[in-house]
Amino acid sequence: MQLTTWLRLVPGRPFRRVGHRTALVAAGLPLHLAVVPLWLWLLGTMAASVRAPGAVAVTPLPVLLTLVVTPLLTVGQRRRYRALAGKGLPRPAVPGPGRNWKPAVRRLTGRALWRQVCYHAVAGPLLAVLDLAVLAVWAAALVAASIYVWIWALPPQWRITDLGYTTQAACITAGGLALLFLGPRLTGALVRLETRAAEVLLGPSRTEKLARRVADLAESRAGVLDAADAERRRIERDLHDGAQQRLVSLAVNLGLARATLGDLPEDARKVIDEAHREAKEAIAELNNLVRGLHPAVLEDRGLDAALSGVAARLPIPVRVAVDLPQRPSPTVEAVAYFVVSEALTNVVKHAQATRADVTVERIGETLLVVVADDGAGGADLAAAGGTGLAGLAKRVASVDGTFSCRSPAGGPTVITVELPCAP
Amino acid sequence: MRAVIAEDSLLLRIGVVKVLEAAGFEMCAQVADAEGLLAAVEEHRPDIAVVDVRMPPGFTDEGVRAALVIRRQYPRTAVLLLSQYVEERYAADLLAANTSGVGYLLKQRVADVEEFTEAVRRVAAGGTALDPQVVAQLLVRRHSDPLDRLTPREREVLELMAGGRSNSGVAAELVVSESAVAKHINSIFTKLDLPKADADHRRVLAVLRFLGVATA
């Protein structure tokens, strides 16, 4: 191990921000002690009421006063952390404007206030004791370490004339240096304890943190979905502008060659015919793939138009009934389109059906999508890599939708999907 | 015949121009967006405009909207829409406003050079040319349809008519005689309750009513 690394590890940089930390501790002292007079008053009135029962009427006063000063003290504490710890304390959720309760009543019933009271009235005085101890250590350390200066600065007649005073002063200096070594560590530990207490009692509660986390996650998930959708659209656009046009152009040129080059040998004609046919097949295949990504008509005209297009491309008759008074969000539309398009592909591939029915309707805040066929049934959600139903279920779950597939052996198969859509 | 083309993909524009020039069309203008198309039509008054559906700036249905404007403002210019995918909704928009001089084909149909030039000529002459996929899609949309009353063969005949084929074209496609086709068509007219009038008009009406884009 290199010496510098070792030096860095062992002291652990205790003097980093030590001034700020000590100031944080010092500033905490008056704030923590502010409630102590109220405590003493409360104890006083209670003691008085034991002697004279009439004095009990005064007892609620210190309690009320505590409630009044609590928000002020909280503001003070927040300022202390913002100014001296380099970062503010996380705030608890502000109770929303629910019902017609007055704000004061809502505050009293909220847990945030009582946690603050707990901090200022109980944790505060205890922390104040520790603050005092640490400040005392600092003071003692500074005085002891500089004992020679003190000795030198004192007027000669006050000096200790004992012969052994040099040895004693050396011991005191050594003790002071030891305390100086200890001081930053104690301060660091106390600041950690203080911060922990403040975060737990003045910051958001666990429930609030979880609620916030859920909201954040929901937001980021929506962002990811939107990004995936945008990506799909981009790929569709790129393929449409690039490969698809190139392939069509190739097929057109081959078609032209076939039509205009009359005097070709039979072999060459055969090759051109073959290439022409394959180019057209490639176009058809690519078209099917690309349209499954995110058809332009979905964005432009909505689900009804896009699903009719899907249905018409299938080899079996499919009835499509879409009843939507207004369009759902693009993400929900994309999921619904994907579900129906995949489900119908499955019907054609696996179900041996002669016809299928698609209905899309809005019931309240739910988009209900039903795909039914008259095929052989037996579709299995758990079938690994089989019918792609699991993929559908996942895509639906990504927008908090529900997916169900009823497919008894012998058929028919009915896939029901419910997608939440805000009004 | 004189034609303009609006297509934002240069490769494909060159291909279509080659095909049309080989077929004897005079290309008046080649543009890349709907605005340019309207200006070119205003300037040249061509017999036909061959128009891509998806063009700048929005890349959705600019071509369809331009086609509707052209058919309304320049009735003597026919419009043939080309698209990577055919969408029933665009076809319905186009057909609801026009019953002649319109066409809607997949881009890949251009590769079948003879059939494509035949379709362009037909549309330019005031006929229609609908892609088989358009017809299929429009049929999906018919919920309570007169389709039920037709025999499978009559349905085939009607689909081909909807694509713009003549009696002889239908006969050749289905490998039956022309008189058999005429018989089927008469039966279709009867089943769709179309009055005996001008035969061509009845043909168009039959197709459109069948496709659900015109009422009576």
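## The sheet in chain B

Let's start with chain B, where 6 strands make an open sheet in the order 2-1-3-4-5-6, with parallel pairing. Here, strands are DSSP runs of E with at least two residues, helices are runs of H or I with at least four, and both are numbered from the N terminus; two strands pair if DSSP finds at least two bridges between them. At the edges sit strand 2 (26–31) and strand 6 (128–130) of chain B, each pairing on one side only. From one strand to the next, the twist averages 20°.

This is a predicted model, where local features need pLDDT of at least 70, side-chain atom pairs count only at pLDDT 80 or more, and totals for chains, interfaces and linings use all residues. Residues are numbered from 1 along each chain as its sequence is written, while chains are lettered from A and ligands numbered from 1 in the order in which they are written.

## Helices on the sheet

Strand 4 (residues 78–83) and strand 5 (residues 102–106) of chain B pair in the parallel sense over 5 bridges. Helix 4 (residues 88–97) of chain B packs on the sheet and touches strand 4, strand 5 and strand 6 of chain B. Its direction makes about 165° with that of strand 5 of chain B (axes are lines fitted to C-alpha atoms, for helices over the stretch in contact, with angles from 0 to 180 degrees between N-to-C directions).

## Where the chains meet

The contact takes 36 residues from chain A and 29 residues from chain B, counting residues whose C-beta atoms, placed from the backbone, lie within 7 Å. Helix 9 of chain A gives the most to chain A's side, with 16 residues.

Notes
Two residues are in contact if their C-beta atoms, placed from the backbone, lie within 7 Å.
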